[in-house]
Amino acid sequence: MSTEKTFYLETFGCQMNAHDSEKVIGTLQQEGYRQVETELEAGLILYNTCSIRDKAEQKVFNRLNDYKKLHKAGKRFGVLGCVAQQEGEKIFDRAPYVSLVSGSASYRKLPEMLSRLESGESRITGLDDRQTDETFETEFTARQNPFRGYITIIEGCDKFCSYCVVPYTRGKERSRGSSSVLAEARRIADQGYTEIQLLGQNVNSYRDPEGKSSFAELLDAVGRIDGIRRVRFTTSHPRDFTRDIVQAIDANPALCDHVHLPVQSGSSRVLKMMAREYTRDWYLERISWIKAAKRPISLSTDIIVGFPGETAEDFIETMDLLQEVQYDCVFGFKYSARPNTPALTMIDSIPEGEKGSRLQVLLDRQREIQRTNYSKQIGQSLEVMVENQNPARGQIAGRSSQNKPVNFTNPQPIAPAPGSYVKVKITGAFPNSLVGEAV
Ligand code: 5AD
Ligand code: SF4
């Protein structure tokens, strides 16, 4: 029998989780494990989980259930991430074949947890209740995205929006020192990365523990590193979004023309119930700063429909806001009651069917807004970073600085390599992508 240590890791949820998985993979490789492509090949099966909405959480338990038979073949299971932190030891009751349960604030202890697992222990937990771990990056982070280097600058969230589990699953807000962020950025620029994405549940709350840089100054400094051509950041909170961020984007061409600013609702009444700490007007003022920039900054947002008590009038205010802001991308969600959150005690009076139809109305309207807006870009020349090629269709796929997918043909005999930058003349548009030809 082979004694080789192998693992399969599947990631659910947001970019923070995707990046955490890069840290977990690096740590496992350091411990002598080899990553494999399927559950069947692996000795250790890990799920890095998301609990932001009920559906995301259910997916994880379904996946565990699908593969539980493998336990009999001697395979071990581990649940990592937000569901692990939220459910804790209850996971062992619900899925007794699971041996390891760890939240993201305990990944520093993974080597120790793995050796306990190897020595046969079957109920290992990493559930730091204080969740104050400050290991933002391990030196082994195994970057999986060949073009975009993720760097965590702030962990956790102190906002406690009334619907959200994040403050409970990812713990208190803690910022990483600017010297460490910049050292990491220089290191990955030296490895050949040209695009960096700064990550945090709320990047605008960034407070440099070294007291050297504001968030806007940090953005600018990352954008000045030799070799870095694109800097993105996600996600932002309107309450902490300051004007100097727009000024930084205006002044530094390496900062991408895109801001993701989740609004959640267009109704001040609902925003108050959500404990978002801003009003519709406050939000729209930040949008007006972004729109007044010298560069065309693309806007995207997150919206929750069917929050407890959201009336038809409140929903119309959200629809009006879509019209007013003209986003280039909207992530819309039906409200989902989450454990521990204050909104759980509010009367969730909106039937699922009504939530579903509000969401559909919202997404249909947004699609039309995007159809019009994207078509306004026909005739423009955009810089596109190549992500992959589809030789069968003769097309190359990439993204503009505004983060819009661009599919283009290339009249040159040699196709541009993934990771390279190409000027593309836009010749057509769909509601979610642009098409063009390399010039
Ligand atoms: N129900 C529905 N959507 C939610 N989000 C966060 N919590 C919930 C919830 N309980 C959405 C918000 C957030 C995005 C990441 O997920 O819109 O910005
Ligand atoms: Fe959740 Fe609000 Fe924090 Fe975002 S800002 S992670 S929505 S609590």
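Trainee: How many bridges join strand β1 to strand β3?
Mentor: Strand β1, residues 5-11, is joined to strand β3, residues 44-49, by 5 bridges. The two strands run parallel. Keep in mind that this is a predicted model.

Trainee: Which residue in β3 is the bridge partner of Y8?
Mentor: I45.

Trainee: And the sheet? In what order do the strands come?
Mentor: The order is β2-β1-β3-β4-β5-β6. That makes an open sheet of 6 strands, with parallel pairing.

Trainee: Which are the edge strands?
Mentor: β2 (33-35) and β6 (124-126). Each of them pairs on one side only. From one strand to the next, the twist averages 25 degrees.

Trainee: What about helices on the sheet? Which strands does α1 lie across?
Mentor: Helix α1, residues 15-30, lies across β1, β2, β3 and β4. Its direction is at about 175 degrees to β1. Helix α5, residues 110-118, lies across β1, β2, β3, β4, β5 and β6. α5 runs at about 170 degrees to β6.

Trainee: Now helix pairs. At what angle do α7 and α8 pack?
Mentor: About 25 degrees, with the axes 10 Å apart. α7 covers residues 178-190 and α8 covers 215-223. The cut-off for roughly parallel is under 35 degrees, so α7 and α8 are roughly parallel to each other.

Trainee: Who makes the contact?
Mentor: On α7, S178, V181, L182 and A185. On α8, L218, A221 and V222. By class, that contact of α7 with α8 has 6 nonpolar residues, 1 polar and no charged.

Trainee: Next pair, α11 and α12. How far apart are their axes?
Mentor: 12 Å, at an angle of about 15 degrees. Therefore α11 and α12 are also roughly parallel to each other. The crossing of α11 past α12 is right-handed.

Trainee: Which residues meet there?
Mentor: R280, Y283, L284, I287 and K291 come from α11. They meet E317, D320, L321, E324 and V325 in α12. The contact of α11 with α12 divides into 5 nonpolar, no polar and 5 charged residues.

Trainee: Last topic, the ligand. Which residues are around ligand 2?
Mentor: Three cysteines are among them: C157, C161 and C164.

Terms used: Residues numbered from 1 in each chain as written. Chains lettered and ligands numbered in written order. Predicted model: local features only at pLDDT ≥ 70, side-chain atom pairs only at ≥ 80, totals over all residues. Heavy atoms only, no water. Axes fitted to C-alpha atoms, helices over the stretch in contact; angles between N-to-C directions. Helix = DSSP H or I, 4+ residues; strand = E, 2+ residues; numbered from the N terminus. Parallel < 35°, antiparallel > 145°, perpendicular 65-115°, else oblique. Left-handed = near helix turned anticlockwise from the far one by under 90°. Contact = heavy atoms within 4.5 Å. Nonpolar A, V, L, I, M, F, W, Y, C, P; charged D, E, K, R; others polar. Near = heavy atom within 4 Å. Pairing = 2+ DSSP bridges.
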